[in-house]
Amino acid sequence: MERLGFWGLLMGSVEKSSDSGNSVACSASTKNGDEENTSSKQASPLKRPGSRNTSPLGRVGSRNTSPSRQKVVKTKPRGLEEETVASFGKPVVVDVQMEDSIWAMLPEDLLNEILARVPPFMIFRIRSVCKKWNLILQDNSFLKFHSNVSSHGPCLLTFWKNSPQIPQCSVFSLPLKTWYKVPFTFLPPWAFWLVGSSGGLVCFSGLDGLTFKTLVCNPLMQSWRTLPSMHYNQQRQLIMVVDRSERSFKVIATSDIYGDKSLPTEVYDSKTDKWSLHQIMPAVNLCSSKMAYCDSRLYLETLSPLGLMMYRLDTGQWEHIPAKFPRSLLDGYLVAGTQKRLFLVGRIGLYSTLQSMRIWELDHTKVSWVEISRMPPKYFRALLRLSAERFECFGQDNLICFTSWNQGKSLLYNVNKKIWSWISGCALQSCNSQVCFYEPRFDASVQ
């Protein structure tokens, strides 16, 4: 039962339940109380009437040295707070012996409940314990349990290639503040780059020789699929959107100019496994290739016409939003938030000594940008020492992340709490790293 021994080792690191912890604390408190009573009884014959009590035991809890008040006070039953102090102040290391016969008969639904609450990256490692566990992680009943538990929390996925052009991937868990290495050798040896992530899936685009390819994968399940070729199969600006309720995803290829003609917008739907053609974006010049998907709408910055272009996924039509950009904006990034919130992040200032990083939110009613925050100067100087330094900005669920390539640092801003903080231990793996937010999920299907 090798697999059971591994599970016993895994569960041995977990703290004991509250009931067992309280019982240990109670026994510890009772024992301490008995020792105090015994010590008091033994110390009393040594005291002389009228003499000063210099014994350490006699000084505990009282400074009164009167012989008439030297009484033995029985220890009262300790409360919950004292039990907690006793249990944490004197940790008890118990060698947990796991009974193979008990764990071998563990009901499958209970095992699914347990595994669904284990951190995803730990499950990813223990799937090689045995064939049964490997099959459980792919079973529909386990995926159902996993879809009902709360999310692990936001992670940062970094993707790069080392000198032999072997893809490398690491995930930094913000809740656990730990790096996890995720093997990406299951992907084909193409020259591809990171597009983005949504709902547990990661999208890449690249070239298979001379042919443009788009693929979607689930890093935890080590599964992937290649999307069919687009009608205009050229290198396009892509963004992926996952619908977890329908267990489906869509990939949007925005309008681009190829040669002397504009290409129409194309949308891939995993339900039909086809690309559909839509309207050509009526914009001449894009301000940035960065896009943001918010409330079933896709937003891009444009210079001609000046403002934003909005693509409605339900109608397949483009609309122009005349939201003028702030003055002296050097570089702007669109970031999607929750509840229809759309943010603009960028540097302001013509000279390096006067530059600052600011965040605006789009007021849909007045069609204008409203400043909501500024990066503190100490963070700005540490993140960008030079005005020409390259940085990336991306967001998810009202979290905005800044990464500096030269400094190798990452800064996080929580829009709801209005808190700036460094991401401890999160340094970029390579100057060619591509970074995005990632939500690890086993129930994200590429089928």
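Leaving aside residues up to four places away in sequence, Val 241 touches Ser 198, Ser 248, Phe 249, Lys 250 and Tyr 293, where contact means heavy atoms within 4.5 Å. The model is a predicted one, with local features needing pLDDT of at least 70 and side-chain atom pairs counting only at pLDDT 80 or more, while totals for chains, interfaces and linings use all residues. Numbering runs from 1 along each chain as its sequence is written, and side-chain values use heavy atoms, with hydrogens and water left out.

Val 241 sits in strand β8, residues 238-243 (strands are DSSP E runs of at least two residues, numbered from the N terminus). With a relative accessible area of 13%, Val 241 is buried (under 20% relative accessible area, using a 1.4 Å probe and protein chains only). Ile 252 is eleven residues along from Val 241 in sequence, and the C-alpha to C-alpha distance is 8.1 Å.

Now for the rings: there are 18 aromatic pairs in the structure, a pair being rings of Phe, Tyr or Trp (its six-membered ring) with centres within 6.5 Å, and stacked meaning planes under 30 degrees apart. Phe 159 and Phe 192 make a stacked pair, because their ring centres are 5.8 Å apart and their planes meet at 25 degrees. Since Phe 159 belongs to strand β1 (residues 155-161) and Phe 192 to strand β4 (residues 191-198), this pair ties together parts 33 residues apart in sequence. Both partners are tucked away: Phe 159 is buried at 1% relative accessible area, and Phe 192 is buried at 5%. Ring pairs also join Phe 159, Phe 184, Phe 186, Phe 192 and Phe 204 into a cluster.

Methods:
Helix = DSSP H or I, 4+ residues; strand = E, 2+ residues; numbered from the N terminus. Buried < 20%, exposed > 50% of the residue type's maximum accessible area, 1.4 Å probe, protein only. Phe/Tyr/Trp six-rings, centres within 6.5 Å; stacked < 30°, edge-to-face > 60°.
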